[in-house]
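This report walks through one protein chain for a reader who is meeting it here. The sequence and the structure come first, and the description follows.

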Amino acid sequence: MSDDSILLTPDAALPTVPLAPAPWSLTGTGYILLMKLPPAVLDDPRHTPAALRGKRRGGLSMVMLVDYESSAVGPYRELLYIPGKFAFGDVALQSITRIYVSSMESVVNGRINWGIPKDQCDFDFQYGSDGQDRCEASLNGKPFAKFAFKAGGWKLPFSSVIVPNALLRLAQVHGGRQFVYVPSASGKIQFAKVTDWSFDAALFPDLAQGKVLACVKVPRFTMGFPVSAVTPV
């Protein structure tokens, strides 16, 4: 089984799109969830590349739902899942193991630039409906992840500059290569809560089995994705 076995669309089946090499600068709005998930979810092989199975080394999980207004490949939406840390040689690093985006340009360039296992799906964002923000991700017309959030209170500034690189560093294994990179971000955050959600566990981890430790809305942010350090594996 290849290290890319979780991909819904293999590299060989991807279309040709304009290349957008790193680094990227992105702006947008989104939600970040810090979670504690049970082993049954964390070790689900449907959402962990074969190269990382059995290598989980703990750490909290993170989920991000993002509406990018601008990027090197234009606007797009994104839903990503980081189970925690995995062993990459002698170090334990976080890794994105399941991710969907709304544009094929983001899929192709995300795999090439950072080894991120992106697949494409459709998104429906609804802001402020009933005082809540809602998002639905669907594949072939069938919803597989639904979220409803309610945010409030002060908007507080944040910057990844104050966070040690060791906590920000991500690693991916894709196509026989290892990618290591350190994203950066700045903007404002606002405390939020999840008011409703549902998942098809075949296509996205069933977060409802876990516990949300923190949830924030990022009403406006700027993010940077640098050039990866790439080595063969």
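A residue is called buried here when its relative accessible area is under 20%, exposed when that value is over 50%, and partly exposed in between. Trp197, with a relative accessibility of 19%, therefore counts as buried. The model described here is a predicted one.

**Overall form**

The chain contains 3 helices and 16 strands. Its radius of gyration is 17 Å, close to the 17 Å that the globule rule gives for 233 residues, so the chain is as compact as a globular protein of that length. Taken along the principal axes, the box filled by the C-alpha atoms is roughly 50 × 35 × 35 Å. Of the 233 residues in the chain, 48% are buried, and the accessible surface comes to about 10700 Å², with 57% of that surface belonging to carbon and sulfur atoms. When contacts between residues at least 6 apart in sequence are considered, 71% of them join residues at least 24 apart.

**Aromatic rings**

The count of aromatic pairs comes to 15. One of them joins Phe147 and Phe199 in an edge-to-face arrangement, with 5.3 Å from centre to centre and 75° between the planes. Phe147 belongs to strand β10 (residues 142-151) and Phe199 to strand β14 (residues 184-199), so this pair ties together parts of the chain that are 52 residues apart in sequence. Phe147 is buried, its relative accessible area being 4%, and Phe199 also counts as buried, at 16% relative accessibility. Phe199 forms a further edge-to-face pair with Trp197, where the centres are 5.4 Å apart and the planes stand at 65° to each other. Ring pairs link Phe147, Trp197 and Phe199 into a cluster that also includes Tyr31, Tyr81, Phe149 and Phe204.

Phe204, a member of this cluster, is placed in the loop between β14 and β15 (211-225). How accessible is Phe204? At 0% relative accessibility, Phe204 counts as buried. Ile112 lies 92 residues from Phe204 in sequence, and the two C-alpha atoms are 23 Å apart in space.

The buried residues of α2 include Met104, Val107, Val108 and Trp114, together with Asn109, Arg111 and Asn113. Ser103 sits in the loop between β6 (98-101) and α2 (104-114), and at 9% relative accessibility Ser103 counts as buried. Not counting residues up to four places away in sequence, Ser103 touches Tyr76 and Gln120. After α2 comes Gly115, whose phi is positive, near 70°.

**Backbone details and exposed sites**

Most residues other than glycine have a negative phi, and most peptide bonds are trans. Against that background, the peptide bond from Ala22 to Pro23 is cis, with omega near 5°, and Pro23 is found in the segment before β1 (24-36). Asn140, a residue other than glycine, has a positive phi, near 55°. Asn140 is placed in the loop between β9 (132-139) and β10.

Gly187 is found in strand β14. Apart from residues up to four places away in sequence, Gly187 touches Leu156, Pro157, Phe158, Arg220 and Phe221. The C-alpha atoms of Gly187 and Pro49 are separated by 32 Å, the two residues being 138 residues apart along the chain.

The table sets out the accessibility of some of the residues discussed.

| Residue | Relative accessible area | Class |
|---|---|---|
| Phe147 | Phe147: 4% | buried |
| Ser103 | Ser103: 9% | buried |
| Phe199 | Phe199: 16% | buried |
| Gly187 | Gly187: 22% | partly exposed |
| Asn140 | Asn140: 76% | exposed |

Terms used. Residues numbered from 1 in each chain as written. Predicted model: local features only at pLDDT ≥ 70, side-chain atom pairs only at ≥ 80, totals over all residues. Heavy atoms only, no water. Helix = DSSP H or I, 4+ residues; strand = E, 2+ residues; numbered from the N terminus. Rg over C-alpha atoms; globule rule 2.2 N^0.38 Å. Buried < 20%, exposed > 50% of the residue type's maximum accessible area, 1.4 Å probe, protein only. Contact = heavy atoms within 4.5 Å. Areas by Shrake-Rupley, 256 points an atom, 1.4 Å probe, with all protein chains shown as cover. Phe/Tyr/Trp six-rings, centres within 6.5 Å; stacked < 30°, edge-to-face > 60°.
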